Amino acid sequence: MLTYLAKRLVTSAFILLGVTLVTFCMTFLIPADPVAMIAGRNSTEQSRQLIREQLGLHRPLPVQYADYVVRLAQGDFGRSFARKTDVGELIWSRLPATLLLMLGAIVAELLIGLPAGIWAASRRGRRSDKAVMTLSFVGVSAPQFVVGLSLLYVFAFWLQWLPLGGYGTVWHLILPAITLGIAGGGWYSRMMRSSMVDVLRQDYIRTARAKGVPEWRVVLKHGLKNAILPIIAMIGLDVGIFMSGVVVVESVFGWPGIGQLMWGAIQALDIPIIMGVTVVAAAFIILGNLLADLVTPLIDPRIRLR
Amino acid sequence: MGELWRAFRKDKAAVAGLAVIALFVLAALLAPVLAPYDPNFQFMDGLTDDGQPLPPSERFWFGTDRLGRDQLARVLYGGGVSLLIGVLANGFAVLIGTLLGVTAGYVKGRIGAAIMRFTDLMMAFPALLLGIALAAILKPSLFIVALVIALVSWVQVARVVYTETLALAERDFIEAARALGASPTRILFRHLIPHLMPTVLVYGTLGIATTVLFEATLSFVGVGVQPPMPSWGKMIFDSQSYYLTAPWLVFIPGAAILITALAFNLAGDGLRDALDPTQRGRR
């Protein structure tokens, strides 16, 4: 277990390094020259050279990359073009809101997906099963911004049950969490159904039924215990989907997280922020994948790690 | 082929999906004929007196947008842009994913390992963030948008194709081909890739749901196709500040995106079941 953990940590570190290499290369794709942007239009060649040296752009590329990685490791993400502030600080101050939103989305997708999947599995082959499975595709196929704007329209504007976006109370969290979690809810209902269908076919379930255990107890007690395990192990993998989703969801709901920061940076082409958020998001995705791998053997001892 | 269609036909949801796809493609192709007006024409009387978009009426079925343009015409033309990008992007993604996956699975060794490490790396990237960053930097045309989406969505195809190739490469008929002296390239293109066609076909359909949503999201973030070209996502991006006063501007293109993605998901899912006989009894 420990050697496996060590091995996985090393691989993860290398993947993160690869991510920084890609974001580093991205800076060279920008059509605008940062030196010209800082120096202004009427600058002399001398002043431009000075700025180039200040930014360290006159050094060979590998040295620049090494410098970039060392700075990242120290938590230095550079300075924002537009906001003239430290990118690391901007990201750290907004991270808690994003993590809270992601937590809410996990609760939402499980609350949507698990009951739907269990219900469909217990009615396998019937019309209600087919209806739930088709509905699950609606959740997967709905663009998040349309879901978000629709929820806002119905529950905040029309019924006025919940606030029209913003941040602060539990009430503010409900709609964004559902929006971010609805696609996951669709997937989880499908996975929960197929996992449950597999479990319900096993001998010990037949034994339980033969003993005369009522069907709802067979499904919810005997079946659920085993069927839910592979589903729980997958939660870590959701981080990737969430990290993409927060850009849209946070900007629709005015949620002050890193997604909204990213949105603003995109409109202003503020590259250091875009790069910084991408690296931080990738780090969380790698962490989530690692978590998913480590949790699997804990909940299912039959799986051994190598 | 006839057998495939018979199996596919049993899944009513999948057939409905296919019908919707056919309908939307037809509507997009015939947009110049079907659209009542020019999608970029700004009607002098296309706005209310205080400059608000007009609600749906007999003259403008889907209402007008914030510039007084006919929303129906824009939805029809926008469908072409959205579908074209979705299909192109997914085509590229499946092509890249299949070639890389089959190479990694068959060649193995250092090249195979390098390819798989690269897919691991891409898995760690938030696809949308990377796509947004690329699109923001590149100032995209229709073709570039499709390419950007493909560049971040081939990974899943590559992984599935890789696993399947590993299993296929162990099979006797590949061994036999090798024993007969077939070159690796010949084995790759004549023996391996044809057996991967079902997978390619399924991802070629299912994946379009994802790429259509991806295009819509890129447009909604403001880095998709550039004006005046309408795409469904772009139309929502343009009118999102009107969603309380003129909700049809958001919900009609939104419904179009949802129905398109849903149709491709249903059709792809049905295709997967029809192609995989072992799954048939289990539904």
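Visitor: Are H4(B) and H12(B) roughly parallel or roughly antiparallel to each other?

Guide: Let's start with the general idea. Two packed helices are described by the angle between their axes and the distance between the axes. Axes are lines fitted to C-alpha atoms, for helices over the stretch in contact, and angles run from 0 to 180 degrees between N-to-C directions. Angles under 35 degrees count as roughly parallel, over 145 as roughly antiparallel, 65 to 115 as roughly perpendicular, and the rest as oblique. Here, helix H4 (residues 71-107) and helix H12 (residues 248-275) of chain B cross at roughly 30°, with axes that come within 11 Å. H4(B) and H12(B) are therefore roughly parallel to each other.

Visitor: Before we go on, what kind of model is this, and how is it numbered?

Guide: It's a predicted model: local features need pLDDT of at least 70, side-chain atom pairs count only at pLDDT 80 or more, and totals for chains, interfaces and linings use all residues. Residues are numbered from 1 along each chain as its sequence is written, while chains are lettered from A and ligands numbered from 1 in the order in which they are written.

Visitor: And what counts as a helix or a strand?

Guide: Both are DSSP runs numbered from the N terminus: helices are H or I with at least four residues, strands are E with at least two. Chain B has 13 helices and zero strands. Its C-alpha atoms fill a box of roughly 80 × 45 × 30 Å, taken along the principal axes.

Visitor: How do H4(B) and H5(B) pack?

Guide: Helix H5 (residues 109-124) of chain B packs on H4(B) at an angle of about 140°, with the axes 7 Å apart. H4(B) and H5(B) are therefore oblique to each other, and their crossing is left-handed. Among the residues that meet are Leu100(B) and Val107(B) in H4(B), and Ile111(B) and Met116(B) in H5(B).

Visitor: What about H8(A) and H12(A)?

Guide: Their axes are 9 Å apart, at an angle of about 140°. That makes H8(A) oblique to H12(A). This crossing is right-handed. The contact residues divide into nine nonpolar, three polar and one charged.

Visitor: How many residues does each chain bring to the contact between A and B?

Guide: 36 residues of chain A are in contact with 37 residues of chain B. On the chain A side, H14(A) gives the most, with seven residues. That side divides into 28 nonpolar, eight polar and no charged.

Visitor: How do I read "buried"?

Guide: Count the other C-beta atoms, placed from the backbone, within 10 Å of a residue's own: 20 or more is buried, 12 or fewer is exposed, and in between is partly exposed. Buried residues make up 47% of the 283 residues in chain B. Gln160(A), in the loop between H7 and helix H8 (170-200) of chain A, counts as exposed, with 9 C-beta neighbours inside 10 Å. Gln160(A) also has a positive phi of about 55° although it is not a glycine. Gln202(A) is partly exposed, with 13 other C-beta atoms within 10 Å.

Visitor: Which residues touch the most other members of the largest nonpolar core?

Guide: A nonpolar core is a set of buried Ala, Val, Leu, Ile, Met, Phe, Trp, Tyr and Cys residues joined through C-beta atoms within 7 Å. The largest has 154 residues, and Met262(A), Ile274(A), Val277(A), Leu129(B) and Ile132(B) touch the most other members. H12(B) supplies the largest share of this core, 15 residues. Not counting residues up to four places away in sequence, Ile132(B) touches Val247(A), Ile266(A), Leu218(B), Val221(B) and Val223(B).

Note on methods:
Two residues are in contact if their C-beta atoms, placed from the backbone, lie within 7 Å. Ala, Val, Leu, Ile, Met, Phe, Trp, Tyr, Cys and Pro count as nonpolar, Asp, Glu, Lys and Arg as charged, and the others, Gly among them, as polar. A crossing is left-handed if the near helix is turned anticlockwise from the far one by less than a right angle, and right-handed if clockwise.
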